[in-house]
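Hi,

Here is the structure I promised to pass on to you. Please have it open while you read my notes.

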Amino acid sequence: MTLTVNGQEQELHGICNVSELVSHYRLQDKLVVVEIDGKVIERENWEETQLRDGMTIELVHFVGGG
Amino acid sequence: MNDRPLVIDGVELKSRLFLGTGRFKNAQVQNEAIAQSGTEVLTFAIRRVNLDEPNQDSILQHLDLKKFRFLPNTSGAKTADEAVRIARLARASGISNWIKVEICVNEKTLLPDPIETLKATEQLVKEGFVVLPYTSDDPMLWKRLEEAGAAAVMPGASPIGTGLGLLNPYNLSLIVEDANVPVIVDAGIGSAKDVVEAMEIGVDGILLNTAVAEAKDPVKMAQAMKYAVEAGRLSYLAGRIEKRRYAKPSSTPTGKITN
């Protein structure tokens with residue numbers, strides 16, 4: 001499956017849902033927010049949200065800013 | 001100090017200083033500066049996680065989340081739609097429904113786009129956000145933002161990160177005079193003197209970042225800003241003397257032994 005994650009094309013295998021994707025990048029314990037094709041996916045829906053080829057995904061977090 | 005507290009979204013804030021978290025040289029200096037500033041409101045930006053280094057520090061890792069109110073910004077947005085998108089991401093973190101709308105197009109001046117800011121404010125208020133828009137210091141614009149439901153208005157003193165201080169104290173005083181929501185001066189503060197000047201005009205609070213983060217000693221400057229906010233507020237409440245063109249002796253003129 002090919003996904004665009006944070007602007008980079010990623011070829012990923014054996015990952016079906018958002019929870020697994022977040023774990024793949026070792027972010028499961030971090031305060032990250034997930035957006036798929038422009039829509040926020042709330043944390044409680046990560047498990048049930050299936051990934052499909054061609055999706056555009058953003059994994060974001062808080063950084064320093066004024 | 002006998003003063004009403006600053007209230008935003010029903011939250012009473014003891015400190016009138018909001019602090020940004022950008023540009024500190026390390027987490028230790030930042031946290032010490034935050035502590036010394038006495039602030040209760042911290043701002044942040046939302047960015048992509050670096051997938052090559054997912055363990056890179058997130059700013060929140062080093063902070064006691066219970067002690068602060070979080071005011072994420074929409075920096076990076078160039079349109080109202082982009083700001084709304086970033087705001088939704090910020091809220092989905094679950095730590096805050098407050099949002100600082102910040103929409104800048106010109107990279108050189110970082111001056112805000114007032115029209116897009118108004119549009120974003122209208123939309124985000126409809127979606128239930130507590131919206132604190134940052135934009136230029138135009139009094140009419142601020143009325144419109146207030147009418148749109150902004151929880152506070154945040155006029156800039158001068159462009160972000162310039163340290164040029166208050167470029168238009170007259171406009172700022174008009175905004176203060178008419179505002180029905182708190183006025184927070186945001187951006188352009190250079191030193192404690194600028195903070196006192198703004199507070200003496202009667203603004204309700206100050207948001208600053210670079211002036212502390214890039215000071216030679218950020219921790220000391222954070223402390224200076226805390227005192228400046230308090231001094232400026234006290235001075236405003238006390239009421240300053242009129243400016244006079246000519247001198248008026250402070251020693252009594254009666255009983256002088258000379259002619």
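This is a predicted model: local features need pLDDT of at least 70, side-chain atom pairs count only at pLDDT 80 or more; totals for chains, interfaces and linings use all residues.

Chain B has an open sheet of 3 strands in the order β6-β7-β8, and the pairing is parallel. The edges are taken by β6 (98-101) and β8 (154-155) of chain B; each has a single partner strand, so one side of each is left without a neighbour in the sheet. Between β6(B) and β7(B), which spans residues 130-135, the parallel pairing runs over 4 bridges. If you want a spot to look at, K100(B) has L132(B) in β7(B) as its bridge partner. Helix α4 of chain B (residues 139-147) lies across β7 and β8 of that chain, at about 165° to β7(B).

Next, the largest pocket, with a volume of about 630 Å³. It is lined by 30 residues, and those closest to its centre are G66(A), S75(B), E102(B), L110(B) and I160(B). In chain B, β4 (41-48), β10 (205-208) and α7 (210-213) each supply at least two residues of the lining. By type, the lining divides into 13 polar, 10 nonpolar and 7 charged residues.

Finally, have a look at N171(B), in helix α5 (residues 169-178) of chain B. Is N171(B) buried or exposed? Its relative accessible area is 16%, under the 20% cut-off, so N171(B) counts as buried. Leaving aside residues up to four places away in sequence, N171(B) touches D137(B), D138(B) and P139(B).

Best wishes

How values were computed. Residues are numbered from 1 along each chain as its sequence is written. Chains are lettered from A and ligands numbered from 1 in the order in which they are written. Side-chain values use heavy atoms; hydrogens and water are left out. Two strands pair if DSSP finds at least two bridges between them. Contact means heavy atoms within 4.5 Å. Axes are lines fitted to C-alpha atoms, for helices over the stretch in contact, and angles run from 0 to 180 degrees between N-to-C directions. On a 1 Å grid over the protein atoms alone, a cavity is a set of points where a 1.4 Å probe fits but cannot get out, and a pocket is an open set with protein on both sides within 12 Å along at least five of seven lines; lining residues have an atom within 4 Å of a point. Grid points are joined across faces, edges and corners, and a volume is the space filled by probe spheres set on the points. Ala, Val, Leu, Ile, Met, Phe, Trp, Tyr, Cys and Pro count as nonpolar, Asp, Glu, Lys and Arg as charged, and the others, Gly among them, as polar. Buried means under 20% relative accessible area, exposed over 50%, partly exposed in between (1.4 Å probe, protein chains only).
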